[in-house]
Amino acid sequence: MDHFLYQGGNLHAEDVPLAEIAAAVGTPFYVYSTATLERHFRLFDEALDGMDHLVCYAMKAASNVAILKTLAALGAGMDVVSGGEYMRAKAAGVPGERIVFSGVGKTRDEMRLALEGGIRQFNVESEPEMEVLSAVAVELGLRAPITVRVNPDVDAKTHAKIATGKSENKFGIPIARAREVYRLAAGLPGLEVIGIDVHIGSQLTDLEPFRQAYLKLAELTEILRADGLDIRRLDLGGGLGIPYARGNEAPPLPSAYGAMVQETLGHLGCEIEIEPGRLIAGNAGLMVSEVIYVKSGEGRDFLILDAAMNDLIRPAMYDAWHDIVPLIEPEAGAEQRPYDIVGPVCESGDTFAKQRMMPQLSAGDLVAFRSAGAYGAVMASEYNTRPLIPEVLVNGQEFAVIRARPSFDEMINRDTIPEWL
Ligand code: LLP
């Protein structure tokens with residue numbers, strides 16, 4: 001469920017007509033709904049009711065500080081994967097004890113930053129990383145709380161580029177080697193082993209792979225405890241998928257996910273952490289764009305938009321489907337026709353949808369890409385020297401620009417010219 005509905009024939013974000021935002025900030029832009037962000041966070045929080053837990057929002061999905069502040073105000077923790085994300089969490093006022101540091105390649109500088117600023121835990125992914133983290137912590141006279149990310153070798157049944165829990169993936173350590181790796185960790189002076197971490201992939205539409213992974217985690221918890229380790233926290237990663245196409249079957253709800261967590265892991269008495277990103281932000285955001293031209297090609301019509309692959313890369317990168325709807329509600333039963341919906345960038349990959357059935361559209365019409373709140377703005381680039389598009393946050397009847405569109409000068413003046421030129 002989201003808060004982007006037609007009211008009086010015009011698509012709104014909560015109580016604000018999107019056309020009004022378009023008139024104020026220009027197109028293309030991203031827009032987020034506070035109510036949807038809050039609703040999705042609460043769904044997860046309530047799904048884990050009855051278990052000691054923390055929902056750590058995977059901010060890689062959408063990391064604008066205003067979004068982080070919205071979630072932090074509800075008690076969210078943050079899952080960060082870089083020094084930059086750590087600083088964003090801090091800028092949003094999230095205390096270190098609610099920030100988890102994930103990622104397969106943390107640098108010494110990033111470790112130092114988080115240790116000095118305060119951190120809930122590092123999810124470490126390899127033996128060399130453990131040794132470096134221990135050394136950095138010792139230098140600072142600290143002990144770094146850690147979990148080890150294990151790779152449970154389950155098939156997440158999602159797009160290959162976002163599956164992470166198979167043995168051939170670069171993530172975590174093979175679960176079969178967990179005991180020896182934990183033994184090494186326990187012997188390192190700068191580390192305090194507190195738990196286990198797992199994340200098997202993103203946009204999972206079935207609970208079964210999660211269940212398999214969590215059963216393996218439960219077994220490992222018992223084994224490590226028998227080895228004398230105080231395993232008291234389980235980080236279960238993120239990955240629960242969202243419905244991208246209306247009318248298709250929706251993935252399981254957070255409540256079903258929570259019940260499965262309770263069933264597989266509840267008896268262990270561990271504190272549970274989860275790291276959802278997409279489910280919190282995905283359907284809380286749209287990208288709005290204007291049709292620049294309608295071009296008749298051979299046997300097909302193209303809708304050429306002012307948004308391009310640099311603004312929303314998911315279709316080009318993962319063959320992702322995003323529903324695309326006009327801002328003006330089509331009449332019931334209005335005739336539909338197929339369009340190839342493309343951006344202005346000079347490569348054929350700059351295609352959002354092929355032969356998509358849409359009501360008839362003309363230059364100047366506005367359209368919205370649904371489910372664009374996660375992995376949208378954060379993955380944008382300035383390819384073709386196209387400015388990063390603005391982000392807008394709606395709250396009831398109000399809206400605010402939360403990241404402005406840079407001017408051409410601002411973009412160009414970031415380049416510096418060597419003195420010999
Ligand atoms: N935790 C870890 C360790 C992760 O690597 C990820 C996502 C998450 C949590 C959050 O997963 P989520 O709940 O959002 O599925 N750019 C891709 C998705 C990449 C996901 C990477 N890791 C896309 O646009 O589909």
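The largest cavity in this predicted model is lined by F44, G237, G238, G239, L240, Y257, I274, E275 and P276. About 40 Å³ of space lies inside this largest cavity. Sorted by class, its lining holds 5 nonpolar, 3 polar and 1 charged residues. With a threshold of 30 Å³ or more, the count for the structure is 1 cavity.

The largest pocket has a volume of about 630 Å³. In total, 30 residues line the largest pocket, and K60, T164, F171, H199 and Y375 are the ones that lie nearest its centre. The lining of the largest pocket divides into 12 nonpolar, 9 polar and 9 charged residues.

The next feature is charge pairing. Side chains of opposite charge can pair when their charged atoms come close. Across the whole structure, a search finds 22 salt bridges.

One of the salt bridges brings together the side chains of E129 and K106, with an N to O distance of 2.5 Å. Because E129 belongs to helix α6 (residues 127-139) and K106 to the loop between β7 (99-101) and α5 (108-117), this pair ties together parts that are 23 residues apart in sequence. Are the two partners buried or exposed? E129 has a relative accessible area of 6%, so it is buried. K106 also counts as buried, because its relative accessibility is 10%.

A second pair joins D340 and R300, whose side chains meet in a salt bridge at 2.6 Å, N to O. Distant parts of the chain are linked by this pair: D340 sits in strand β17 (residues 336-342), while R300 sits in the loop between β14 (285-296) and β15 (301-305), 40 residues apart. D340 is buried, with a relative accessible area of 3%, whereas R300 is partly exposed, at 31%.

R211 forms a salt bridge with E208, and the closest N and O atoms are 3.2 Å apart.

L421 lies in the segment after α12 (408-412). Because its relative accessibility is 74%, and over 50% means exposed, L421 counts as exposed.

Most residues other than glycine have a negative phi, and most peptide bonds are trans. Against that background, T27 and P28 are joined by a cis peptide bond, with omega of about -10 degrees. P28 is placed in the loop between α1 (18-25) and β4 (29-33).

Positive phi values are found at D319 and N384, neither of which is glycine. For D319, phi is near 55 degrees. D319 lies in the loop between α11 (314-318) and β16 (324-326), and with a relative accessibility of 66% D319 counts as exposed. For N384, phi is near 70 degrees. N384 has its place in the loop between β19 (366-369) and β20 (391-395), and this residue counts as partly exposed, at 38% relative accessibility.

A final example compares sequence and space. P174 is part of strand β10 (residues 173-174) and is partly exposed, with a relative accessible area of 41%. How far apart are P174 and I231 in space, C-alpha to C-alpha? The distance between P174 and I231 is 18 Å, and the two are 57 residues apart in sequence.

Note on methods. Residues numbered from 1 in each chain as written. Predicted model: local features only at pLDDT ≥ 70, side-chain atom pairs only at ≥ 80, totals over all residues. Heavy atoms only, no water. 1 Å grid on protein atoms, 1.4 Å probe; cavity = no way out; pocket = protein on both sides within 12 Å on 5 of 7 lines; lining within 4 Å. Points joined across faces, edges and corners; volume = space filled by probe spheres on them. Nonpolar A, V, L, I, M, F, W, Y, C, P; charged D, E, K, R; others polar. Helix = DSSP H or I, 4+ residues; strand = E, 2+ residues; numbered from the N terminus. Buried < 20%, exposed > 50% of the residue type's maximum accessible area, 1.4 Å probe, protein only. Salt bridge = Lys/Arg side-chain N within 4 Å of Asp/Glu carboxyl O.
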